[in-house]
Amino acid sequence: MRPSDPWGRLKVLKNRRNGSYTWQVIAGSATLGLVVAAGAVLAAGPWDNGQRKAERALAVTADRTGGAHHGRPTPDGPRPAPSAPAVLPALGTTTHDAPRDAAALRDTLAPLIGAPELGDKVTASVIDTATGKQLYGNGATTAMTPASTIKIATTTAALSVLGPDHRIATTAALSPDARTLTLVGGGDPTLSKAALRSMAADAAKALREDDRKSVRLTYDTSRYTGPVLHPISPNENIAPVTALMVNEGRLNDTDRGPAERTDDPAGDAARAFAAQLGKAGVEVTGTPREARPADRARTVATHRSAPLAALVERTLTNSDNDIAEALARQTAIAKGESADFAGARRAVTNELKKLEVPVAGAHLADGSGLDREDRVTPALLTALLARAADPDRPGLRPVLTGLPIAGFSGTLGDRYQDGSEGTGLIRAKTGTLNGVNSLAGTVVDPRGRLLAFAFLASGSLSATEAEPALDALATALARPAR
């Protein structure tokens with residue numbers, strides 16, 4: 001229901017004694033109200049973008065612990081939300097509390113790391129992001145199959161190379177004779193039908209200016225090279241990896257999770273574009289075919305993806321395999337490598353070396369973590385999380401803000417059941433393959449220090465049993481020392 005408008009009509013006050021209209025009272029009250037309001041504004045200080053500067057400064061500096069009071073409670077109404085410490089401190093904030101006691105932490109995690117539900121091999125790393133000091137390690141430098149936690153490496157490298165504001169462009173190029181239009185894929189897996197409709201309108205306008213009512217349509221996928229199929233393909237978790245696709249090649253209206261995928265995402269995108277051109281008044285002659293733009297073709301329509309920061313957050317929150325593979329290839333292109341699985345591996349690995357994180361033993365076979373040949377160490381993952389938490393590297397911050405929140409968002413939305421101590425406090429990337437379970441992320445400990453953790457397990461018999469055991473490890477980091 002929409003709130004009613006209190007200013008929908010002017011209510012005229014009527015004197016109860018003689019029925020006269022007291023317009024003088026109204027006018028006087030309104031004038032007095034304006035004077036009082038103006039005085040309040042002046043007293044409150046200057047404004048900036050709709051918010052008083054003093055109020056904004058107070059909001060920034062206040063020690064917010066949650067929102068326990070959201071209006072007047074009623075006997076039969078819901079209970080107020082419990083207050084909770086922050087799950088991610090403000091960029092650049094520090095704590096003067098002493099670091100977590102490593103010995104006490106070892107005693108806390110020791111019985112949990114050996115849980116049989118985790119399988120026959122478990123490795124771990126926990127560090128204080130402010131100091132980089134390892135507080136707990138169990139095979140921290142042992143390379144393990146990371147599953148989707150490898151997306152932390154993929155997204156960090158992409159942000160480091162391209163920056164958080166980078167956008168992936170899809171264009172339409174018109175030949176010099178205005179007879180052929182080419183849809184050029186830039187590698188944006190999130191390209192939508194709405195975007196194609198907008199591009200078609202721009203292209204149609206350009207064709208009308210050239211007195212053209214029909215055009216041949218081609219499409220270009222040459223920005224990516226190498227095999228388009230992931231080693232596990234065909235698979236409902238990932239589409240063929242091409243530079244041109246609509247909605248990740250999904251054959252339904254979903255935007256996350258498994259879904260049936262087309263085996264020809266580029267062709268489908270071209271045919272969808274042809275349909276939009278038709279609606280815009282341009283006849284497409286023949287069937288769209290794959291070809292590069294003509295020499296000296298001019299760009300007549302462009303669509304740019306969401307900023308890389310948003311793509312990174314979506315990748316991590318939803319564990320999006322298609323975007324992860326696209327980010328790996330975008331990194332490869334920017335670093336002068338071939339835009340295929342091998343080139344992406346080299347590009348991402350070299351960028352991680354540039355960030356001075358421990359890459360020994362790492363093998364980044366893909367960008368998504370679906371390949372069982374992937375290998376990373378817990379120490380690498382926690383080092384990357386620490387780089388993302390570094391106030392001097394604000395461009396990497398989306399790696400942390402994109403991590404799912406326990407019990408609330410993404411792949412952790414249905415974990416940490418009601419009553420769990422970790423609900424709302426853990427931010428972490430999940431990883432699941434048959435027999436492989438992992439969890440890597442951050443937590444603010446009771447001393448107010450931001451810890452990064454990575455737990456990698458293999459040999460488990462059931463993900464439904466291994467995941468609660470991983471969650472218990474992360475939750476233990478949020479508890480006071482005992």
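Two strands count as paired if DSSP finds at least two bridges between them. Helices (H or I, at least four residues) and strands (E, at least two) are DSSP runs, and I number them from the N terminus.

Entry, the model. I am working with a predicted model, so I keep to its limits: local features need pLDDT of at least 70, side-chain atom pairs count only at pLDDT 80 or more, and totals for chains, interfaces and linings use all residues. Residues are numbered from 1 along each chain as its sequence is written, and side-chain values use heavy atoms, with hydrogens and water left out.

I looked up the strand order and found an open sheet of 5 strands, 8-7-6-5-9, with mixed pairing. Strand 8 (283-290) and strand 9 (298-304) are the edge strands, each pairing on one side only. From one strand to the next the twist averages 20 degrees; for angles, axes are lines fitted to C-alpha atoms, for helices over the stretch in contact, and values run from 0 to 180 degrees between N-to-C directions.

Entry, strand 5. I traced strand 5 (residues 169-174) to strand 9 and found 6 bridges, with the two running antiparallel. Across this pairing, Thr 170 stands opposite His 303, and Ala 169 stands opposite Arg 304. Strand 5 also pairs with strand 6, in the antiparallel sense, over 4 bridges. Here Thr 171 faces Val 184 of strand 6. Strands 5 and 6 form a hairpin with 5 residues between them, and Ala 178 in the turn has a positive phi of about 60 degrees.

Is strand 5 enclosed or exposed? I count it as largely enclosed by the rest of the structure, because 5 of its 6 residues are buried (buried is under 20% relative accessible area, exposed over 50%, partly exposed in between, with a 1.4 Å probe and protein chains only).

I looked for contacts, meaning heavy atoms within 4.5 Å. Helix 6 (residues 265-279) lies across strands 5, 6, 7 and 8, and runs at about 155 degrees to strand 7.

Entry, Asp 128. I found Asp 128 in strand 3 (residues 121-128). At 1% relative accessibility, Asp 128 counts as buried. Leaving aside neighbours within four places in sequence, I list contacts of Asp 128 with Pro 99, Lys 133, Leu 135, Arg 449, Leu 450 and Leu 451.
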